Amino acid sequence: MADVSIRALNKKYDNGFHAVKDVNLEIRDKEFLVLVGPSGCGKTTTLRMVAGLEEITSGEIRIGEEVVNDLPPMDRNIAMVFQNYALYPHKTVFDNMAFGLQMRGYPKDEVKKRVQEAAEILGIEPLLERKPRQLSGGQRQRVAVGRAIVRHPEVFLFDEPLSNLDAKLRVQMRVELKRLHERLETTAIYVTHDQVEAMTLGDRVVVMKDGRVQQVGEPLELYGRPANRFVAGFIGSPAMNFVEVSISGSGDALWAETQGLRVRVPQGFSGKVQSGQRLTLGVRPEALRLANGADEHTFATAVDVVEPLGNEILLNFRAGGVPMVARVDPGVRVKPHENIHLALDPQRLHFFDAKTEAAI
Amino acid sequence: MLIERKWKKWVYFYLPIAVFILFTLFPFYWMAVTAFRPDSELYATWRQPNAAPLWTLHPTLEHVKGLLQTTAFPTWLWNTMLIAIVSTIISLICGMFAGYALARLRFRGSEFLGTAIFITYLVPQTLLFIPLADIIRDMQLGNTPWALMLTYPTFLIPFCTWLLMGYFKTIPKELEECARIDGATRFGAMVRIIFPVAVPGILSAGIFAFTLSWNEFIYALVFMASADQKTVPVGVVSELIRGDIFFWGQLMAGALLGSVPVALVYSFFVEYYVTGLTGSVKG
């Protein structure tokens with residue numbers, strides 16, 4: 001059990017590529033922290049630096065009380081699960097799981113006991129004598145996790161461990177990992193590019209882009225109060241709708257306008273938004289619904305594609321010249337190319353600075 | 001339609017492959033038949049009555065006996081075996097470490113080093129034997145097995161290094177990283193994880209190296225003078241072709257016995273050998 005502290009961490013490769021820029025993170029003991037971002041955002045590099053597989057250009061990493069910058073991976077008391085599982089193909093499942101303990105000189109009985117214990121937790125006891133090539137993807141995944149937990153490390157590192165599994169198994173393993181973390185109560189750092197995985201697994205989520213941390217927060221905080229346009233667009237599926245607007249009007253009666261769309265700026269933004277400003281308006285698909293007569297923030301549009309998903313219907317339309325999506329109740333009956341009136345929930349509008357992209 | 005396809009398969013597949021097999025195996029067949037034919041048949045013209053130019057009517061072991069009794073063939077065989085095994089082991093060990101380093105470690109000049117090693121492999125032996133002869137003479141190794149055991153690696157090491165480098169690159173680097181997190185040093189991870197996983201590649205490099213040194217001719221011809229130090233390829237040619245007289249029966253018996261050990265080595269490892277050349281490792 002340990003907390004992990006990352007301070008002013010930088011990674012610059014020999015070819016000049018600056019992969020990780022000034023990353024600061026405090027990971028609390030027993031916390032499940034997820035690093036999420038598009039590929040090339042520096043999340044895996046950060047994880048590999050914590051593991052000791054990648055040299056640090058500058059900055060400091062502490063695990064517990066100890067600065068581990070110059071410690072080899074074996075001395076950091078961590079365990080890592082890799083995307084491709086990295087099971088030793090010439091060893092049986094038992095030997096795969098026992099290898100770490102054997103290398104550390106544990107007595108045979110202890111090794112056997114721990115492997116049995118881990119195999120029981122993961123339900124892979126019948127597989128102990130098999131070789132990795134005789135296992136299915138899900139089973140390999142479990143063995144890889146088992147190999148990590150037998151050592152009782154201070155920190156678990158996961159590098160996109162579910163991305164090689166099919167969709168159904170991924171959902172199942174996601175729940176199992178969450179359960180396992182609750183049972184083992186070990187600090188975990190988890191890297192993924194899948195925002196759903198990040199939201200469901202993480203106690204806190206770190207969104208990264210171009211080597212920089214964009215926002216750190218609990219899943220719902222990221223969803224409800226994104227720090228900038230990138231986070232707003234990355235978290236949530238379908239993604240938040242963005243449209244460039246200009247502000248007009250005066251005093252309390254400010255309007256956000258663009259071609260074919262005119263909505264009143266909610267009270268909460270008065271003072272932060274001024275007339276004449278150019279901003280990006282962000283609307284989550286579920287903040288849109290079909291308007292009834294009483295709504296204030298409405299606009300007219302024509303639906304071009306209807307996606308009935310069963311539990312919800314996605315309406316695709318254009319507003320202000322850009323494609324947008326609304327998530328509406330499955331009971332709504334709308335046909336393609338029908339003209340509709342949509343209402344915005346004023347409490348759930350987001351404004352972003354058009355230049356800096358920071359939330360207002 | 002179906003019949004036409006069958007017909008096409010015969011013409012485009014079975015027939016060419018049959019021709020190819022015949023073409024490849026005929027020299028071996030000719031060698032074997034010649035080794036067991038009596039001289040009377042060997043030197044008879046094809047037009048003679050009862051002539052059987054493609055097989056033998058009176059198989060005999062006289063050439064094999066002659067080879068073993070009148071020449072130092074058993075000694076040559078032993079020399080060849082010893083030299084091939086020792087130089088293969090030296091080359092494999094060097095090739096494994098060098099191949100691993102070039103495939104995995106990032107150090108200044110690693111690419112240049114890789115290319116340089118490859119270029120040394122491209123220098124023809126027919127040129128290289130001249131300076132090497134000088135070195136062998138200076139070190140007073142001439143006419144000893146060490147002359148060949150130490151010169152064969154000059155072309156075997158680059159060969160093994162490149163073959164193994166390619167194989168090591170197909171092994172996911174996560175295997176090794178995982179081993180290092182599990183508590184192994186880089187060297188430990190290499191020896192305990194990467195080498196065992198690379199066994200097919202190492203075996204095929206070993207077989208190739210063994211065959212190359214088994215068949216080597218020019219260094220053996222230049223560096224070995226006395227009959228009891230010769231290897232099979234040189235011994236057979238230099239002792240069984242006297243002037244313009246070819247002792248065809250004994251020559252072919254020598255060739256046959258000389259190729260048996262190599263064929264045996266191949267047949268034992270053929271599966272590994274194929275995966276070594278074509279397969280990669282899945283974690």
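The buried residues of helix α4 of chain A pack against β6 (78-81), α2 (93-103), α3 (108-122), β7 (155-159) and α5 (167-184) of chain A. Contact here means that the C-beta atoms of two residues, placed from the backbone, lie within 7 Å. Helices (H or I, at least four residues) and strands (E, at least two) are DSSP runs, numbered from the N terminus. The model is predicted; local features need pLDDT of at least 70 and side-chain atom pairs count only at pLDDT 80 or more, while totals for chains, interfaces and linings use all residues. Residues are numbered from 1 along each chain as its sequence is written, with chains lettered from A and ligands numbered from 1 in the order in which they are written.

Ten of the 13 residues of α4(A) are buried, and the helix is mostly covered. A residue is buried if 20 or more other C-beta atoms lie within 10 Å of its own, exposed if 12 or fewer, and partly exposed in between, with C-beta atoms placed from the backbone. The buried set consists of Arg140(A), Gln141(A), Arg142(A), Val143(A), Ala144(A), Val145(A), Gly146(A), Arg147(A), Ala148(A) and Ile149(A). The helix covers residues 137-149, and its end C-alpha atoms are 19 Å apart, which agrees with the 18 Å that its 13 residues should span at 1.5 Å a residue. The expected span is 1.5 Å times one less than the number of residues.

Two packed helices are described by the angle between their axes and the distance between the axes. The axes of α4(A) and α5(A) come within 11 Å and cross at roughly 15°, which means that α4(A) is roughly parallel to α5(A). Axes are lines fitted to C-alpha atoms, for helices over the stretch in contact, and angles run from 0 to 180 degrees between N-to-C directions. Angles under 35 degrees count as roughly parallel, over 145 as roughly antiparallel, 65 to 115 as roughly perpendicular and the rest as oblique. The crossing of α4(A) and α5(A) is right-handed; a crossing is right-handed if the near helix is turned clockwise from the far one by less than a right angle, and left-handed if anticlockwise. On the α4(A) side, Gly137(A), Gly138(A), Gln141(A) and Ile149(A) meet Leu169(A), Met173(A) and Leu184(A) of α5(A). By class, this contact of α4(A) with α5(A) has four nonpolar, three polar and no charged residues. Ala, Val, Leu, Ile, Met, Phe, Trp, Tyr, Cys and Pro count as nonpolar, Asp, Glu, Lys and Arg as charged, and the others, Gly among them, as polar.

Loops that follow these two helices contain residues with positive phi. His152(A), in the loop between α4 and β7 of chain A, has phi near 50° and is not a glycine. With 15 C-beta neighbours inside 10 Å, His152(A) counts as partly exposed. Glu185(A), in the loop between α5 and β8 (187-192) of chain A, also has a positive phi, of about 50°. Glu185(A) counts as exposed, with 10 C-beta neighbours inside 10 Å.

Two further loops of chain A were examined. A cis peptide bond, with omega about -5°, joins Ser237(A) and Pro238(A); Pro238(A) is placed in the loop between α8 (229-234) and β11 (241-250) of chain A. Asn311(A) sits in the loop between β16 (298-308) and β17 (313-319) of chain A and is exposed, with 8 other C-beta atoms within 10 Å. The C-alpha atoms of Asn311(A) and Pro330(A) are 5.9 Å apart, although these residues are 19 apart in sequence.

Chain A as a whole has eight helices and 20 strands. Its C-alpha trace spans about 75 × 45 × 35 Å along its principal axes, and 40% of its 360 residues are buried. Of the contacts in chain A with a separation of 6 or more, 66% are between residues 24 or more positions apart.

In chain B, the axes of α8 (residues 153-170) and α11 (residues 199-215) come within 9 Å and cross at roughly 160°, which makes α8(B) roughly antiparallel to α11(B). This crossing of α8(B) and α11(B) is right-handed. The contact includes Leu156(B), Phe159(B) and Cys160(B) of α8(B), and Ile202(B), Ala205(B) and Phe208(B) of α11(B). Its residues divide into eleven nonpolar, two polar and no charged. The 18 residues of α8(B) reach 25 Å from first C-alpha to last, close to the expected 26 Å.

The contact between the chains takes 21 residues from chain A and 16 residues from chain B. On the chain B side, α9 (173-181) and α10 (186-197) are the elements that give two or more residues, and α9(B) provides the largest share, six residues. The chain B side comprises nine nonpolar, two polar and five charged residues.
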